[in-house]
Amino acid sequence: MADRGGEACKQVDGGMTRVFGLLGKRWTGLIVATLMSGPVHFADLRRAIPGISERMLSDRLVELGSAGLVIREVDAGPPLRVAYRLSTAGLALEPALKELARWAETYLAEGGRCPEQFRD
């Protein structure tokens, strides 16, 4: 471990704490990424994210709605259907998500491990 010459560890930025407090929860980033292409009905959203339960999807959508990133829209029908879309604030995440995807293509191999050539 490198000697920092007595420097104290810097406290994490408040903005980063807020971002990862919301987007760092399991499934949240995938939901936002799926909604980037436009409004999606609940059932289609669930099918687009393998492994997520209806309950978890519903909970995450409520959280994202409360945070102001997702808007819930009811289609009167018949049949009655609910669609979700990103707000302006949610859509503003697109450059950051695209950059994370580019980073993953280079630095995060299948299985979630960094390739050996980048472990210096």
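1. Contact here means heavy atoms within 4.5 Å. On that basis, and leaving aside residues up to four places away in sequence, K25 touches F20, R60 and E63.

2. This is a predicted model, in which local features need pLDDT of at least 70 and side-chain atom pairs count only at pLDDT 80 or more, while totals for chains, interfaces and linings use all residues. Residues are numbered from 1 along each chain as its sequence is written, and side-chain values use heavy atoms, with hydrogens and water left out.

3. K25 sits in the loop between α1 (14-23) and α2 (28-35), where helices (H or I, at least four residues) and strands (E, at least two) are DSSP runs numbered from the N terminus. With a relative accessible area of 34%, K25 is partly exposed, a class that lies between buried (under 20%) and exposed (over 50%) for a 1.4 Å probe and protein chains only.

4. The side chains of K25 and E63 are joined by a polar contact of 3.4 Å, the term denoting a pair of N or O atoms within 3.5 Å, of which, within protein, one must be able to donate a hydrogen and the other to accept it, and residues adjacent in sequence count only if both atoms are side-chain atoms.

5. The three strands form an open sheet in the order β1-β3-β2, with antiparallel pairing, two strands being paired if DSSP finds at least two bridges between them. β1 (40-41) and β2 (70-75) are at the edges with a single partner strand each, so one side of each has no neighbour in the sheet. Six bridges link β2 to β3 (residues 81-86) in the antiparallel sense, and D75 stands opposite R81 in β3.
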